[in-house]
Amino acid sequence: MASLHALLGGTFDPIHYGHLRPVEALAQLTGLQKVTLLPNNVPPHRPQPEASSAQRVRMVELAIGDRPLFTLDRREMQRKTPSYTVETLEALRGEYGEQQPLAFIIGQDSLLTLHTWHRWHDLLTLCHLLVCRRPGYPTKMETPALQSWLDTHLTAQATALHQQPSGLIFQADTPLVPVSATEIRQRRHQGQSCDDLLPPAVIDYIEREGLYLKSFT
């Protein structure tokens, strides 16, 4: 069986250390050799990003240029309609075949609201879920039924993720990196430095493009 391949979706508006560093730690914990970043064009659960699609893709390219763990997949950027994770996973499963171990990386905040996602019950038929800790979020699901669902699929064995194509949830004790894209945009709006929050090449690009300078209305 091929080695585990993981995917991370997001608006990446902009990409920052809160995306990159926990995933790098996750790779060490689980033996990941490859993580594909999937920027989305029209996010279904949040406002449209401030930066353009082309700008967000370029920031991802710059962020991962010296990080060989990561690759970029632009397929969701080509959609003019909302990108649903389950549909992207179905397409990838079709490309990789039924036996390739696939995982989708989410934060604890997303796990807690997973039952609101489009066709969420189908996700574990297509992939594993790798869950990174997030500051300030509960560790228990909101109902006994959801907690039972989680408990049924949980594994503490990273090796198990490589031995079957889908169906498991691994909660990773990754470092807490309390950085958000919202905080970065707010700092930029207020003229504050973001040097400690994202890679230098991304900061340079943001400066050149004049991104995130407008005030909130």
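Predicted model: local features only at pLDDT ≥ 70, side-chain atom pairs only at ≥ 80, totals over all residues.

Reader: Why is C132 called buried?

Author: The relative accessibility of C132 is 5%. Buried means under 20%, so C132, at 5%, counts as buried.

Reader: How do you know that C132 is in no disulfide?

Author: A disulfide requires two cysteine sulfur atoms within 2.5 Å. The nearest cysteine sulfur to that of C132 belongs to C127 and is 14 Å away; C132 is therefore in no disulfide. By this rule the count comes to zero disulfides.

Reader: What makes strand β5 mostly covered?

Author: Strand β5 spans residues 128-132, and five of its five residues are buried. H128, L130 and C132 point one way, L129 and V131 point the other way, and all are buried.

Reader: How do you know that β5 pairs with strand β4 and with strand β6?

Author: Two strands pair if at least two bridges are found between them. Five bridges join β4 (residues 102-107) to β5, and four bridges join β5 to β6 (residues 169-172); both counts meet the requirement, so β5 pairs with β4 and with β6. β4 and β5 run parallel, and β5 and β6 pair in the parallel sense. F104 has L129 as its bridge partner in β5, while L130 stands opposite F170 in β6.

Reader: Why are F104 and W117 both called buried?

Author: F104 has a relative accessible area of 7%, and W117 has a relative accessibility of 16%. The cut-off is under 20%, so F104 and W117 both count as buried.

Reader: What makes W120 and W149 an edge-to-face pair?

Author: Their rings are 5.0 Å apart centre to centre, with 75° between the planes. The limits are within 6.5 Å and over 60 degrees, so W120 and W149 form an edge-to-face pair. W120 is in the loop between α4 and α5, and W149 is in helix α6, 29 residues apart. Both W120 and W149 are buried.

Methods
Residues numbered from 1 in each chain as written. Heavy atoms only, no water. Buried < 20%, exposed > 50% of the residue type's maximum accessible area, 1.4 Å probe, protein only. Helix = DSSP H or I, 4+ residues; strand = E, 2+ residues; numbered from the N terminus. Phe/Tyr/Trp six-rings, centres within 6.5 Å; stacked < 30°, edge-to-face > 60°.
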